[in-house]
Amino acid sequence: MEALLSNVDWSEIGWASWDTLVMVGMSLLFSVVIGLPTGVLLFLFGKRQLLEQPVAYAVLSFVVNVLRSVPFIILLIVMIPFTVMLIGTSLGVAGAIPPLVAGGAPFFARLVETSLREVDRGIIEATQAMGASVKQIIFGALLPEALPGIIAGITVTAITLVSYAAMSGVIGGGGLGDLAIRFGYQRFQTDVMVITVALLVIFVQVLQMVGDRLVLYFSRK
Amino acid sequence: MIVFDQVQKSYQVGGRAIPALHPTDMTIETGEVFGIVGHSGAGKSTLVRLINLLEPPTGGRILIDDENITDYDAAELRAFRRKVGMIFQHFNLLSSKTVADNIAFPMKLAGIYSKAEIRDRVNELLARVSLSDHANKYPSQLSGGQKQRVGIARALACRPTILLCDEATSALDPQTTQSVLKLLADINRELGLTIVLITHEMDVVRRVCDRVAVMDAGKVVEMGPVSDVFLHPQHPTTRDFVFESESIDRDELQADLSKADGRILRLTFKGESTYKPLLGSVARESGVDFSILSGRIDHIKETPYGQLTLSLVGGDLDIAMQALQAADVHVEVLR
């Protein structure tokens, strides 16, 4: 056992895992904070929706599409000057978060838009017939009804962010991905590679499980 | 009182205006149950949504208790909508809220009720629709009839003066339909609420409505008291609906009639005359022989009625007709 994992420095692994957790957690937080309202606006501005705004929809949709169509590895590099402007460095855990949010928020926004579209139009109509304002329809009916879908969206986004966070190791982002690249790949330490991959797999499994449980809990259908 | 003054509605489809409702005049009295019957696509769904302006009209005025609701601004419209309850074919309950929270929802949206007021009102309504035991269940745990009763309770929460029913029983089985219709009739009687009900089933109209409008292709083609429209339909669409509800096949009926001898009459009895033993005495007095080709006895709301198609042979037909008319029977000569 000792010989098999001779290159593995467990405290290094521990720190790297923690860094990954922080990167995913923080970028997920910001992705939801930015992506949720964006998704709601996308939905409301859409065709035959409450605040139909073809121009605003086209603009917002275009921005989201652009961010989503750039491969994340490119986005990481393109974002470097912005990241430096924003937080002073493009390195380490903190430096990885802005590109992660730039990748995660538009992704999540689309998922929110989709889950809002799946809310029965009749429910919106019924709420309107009760004399609700647009704000009341959003917070009283749309978001509660779409909650299971939104939670599922958060789960998918979180898992995507785990893989994005690992990728950010390429530009010195820190975390398990960084470890895998520096030791596992560049120094041919296969054992480190195996451990980091195993940890990432466990991480994703746990996220999916928790997400599924929450969706089930909030689904009343 | 709901007054439609040349109200019309059209939709823009590909730059062309497609009329959904041609200019319509209509008056719905306070406290009555008014039915609107029509095939799908006839415009009845549009018509009912004009009353709470879910669909704004493209022309004309809608007056409710002498106020022109088409002039309302957004805030006035929201306040007005609280006084108009609505129930739907697919119930449209919030799946994320319990039965009690669904009923409380319009009151919470109104923002003018205290927590205690809401709680008391919800309990009262739950009892009214016999769902007190289900207060904490979610809609998915209820049957269709129960869901619609929640819908009714929710529609009544803010004490509306008008209740709009959009195909409220179309998704329910016959037995449940009956209980929901009974509930609506009770509510109308006890609360003096005006009910506007759209349906494609003449049977629903027959059971609960006072007056009915028949719609076809965006026009009201016939309107009047249910007994008139139902027993003496004038417009072909109305006839279709009546035949449909009686499950009469028109071709078959014609074939049956052609086999009968003599004159063919349709007698319509209404109210007390339904129960009188009339035919025997008329036959004796006039000397005619009759055979019954078809017949039915039922109720329009609470009024009993009967309709018989007879063929008459021999005797004095005029005396027979006079005797029938004297007994308050409506006589129609079919052949």
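User: Leaving aside neighbours within four places in sequence, which residues is Arg81(B) in contact with?

Analyst: In this predicted model, Arg81(B) touches residues of both chains: Gln128(A), Ala129(A), Met130(A) and Gly131(A), plus Asn52(B), Leu53(B) and Leu54(B).

User: Where is Arg81(B) found in chain B?

Analyst: In helix 2, which covers residues 74-81.

User: Which side chain of opposite charge is nearest to Arg81(B), and how far away?

Analyst: Glu125(A), at 9.0 Å. A salt bridge needs the atoms within 4 Å. Arg81(B) is buried and has no salt bridge.

User: What does Glu125(A) form a salt bridge with, then?

Analyst: With Arg49(B); their closest N and O atoms are 2.4 Å apart. The rule finds one salt bridge across the interface of chain A and chain B.

User: How many residues are in contact between chain A and chain B?

Analyst: 19 from chain A and 21 from chain B. The area buried between the two chains is about 1800 Å², and carbon and sulfur atoms give 57% of that.

User: Change of topic. What is the order of the open sheet of four strands in chain B?

Analyst: The order is 12-13-11-14, with antiparallel pairing. Strand 12 (289-300) and strand 14 (330-333) are at the edges with a single partner strand each, so one side of each has no neighbour in the sheet. On average, neighbouring strands are turned by 15° against each other, direction ignored.

User: How many bridges join strand 11 to strand 13 of chain B?

Analyst: Eight, between residues 263-270 and residues 303-313, running antiparallel. One of the bridge pairs is Thr268(B) with Gln307(B), the latter in strand 13.

Methods: Residues numbered from 1 in each chain as written. Chains lettered and ligands numbered in written order. Predicted model: local features only at pLDDT ≥ 70, side-chain atom pairs only at ≥ 80, totals over all residues. Heavy atoms only, no water. Helix = DSSP H or I, 4+ residues; strand = E, 2+ residues; numbered from the N terminus. Buried < 20%, exposed > 50% of the residue type's maximum accessible area, 1.4 Å probe, protein only. Lys, Arg positive; Asp, Glu negative; His and termini not counted. Contact = heavy atoms within 4.5 Å. Pairing = 2+ DSSP bridges. Axes fitted to C-alpha atoms, helices over the stretch in contact; angles between N-to-C directions. Buried area = accessible area lost by both parts, 1.4 Å probe.
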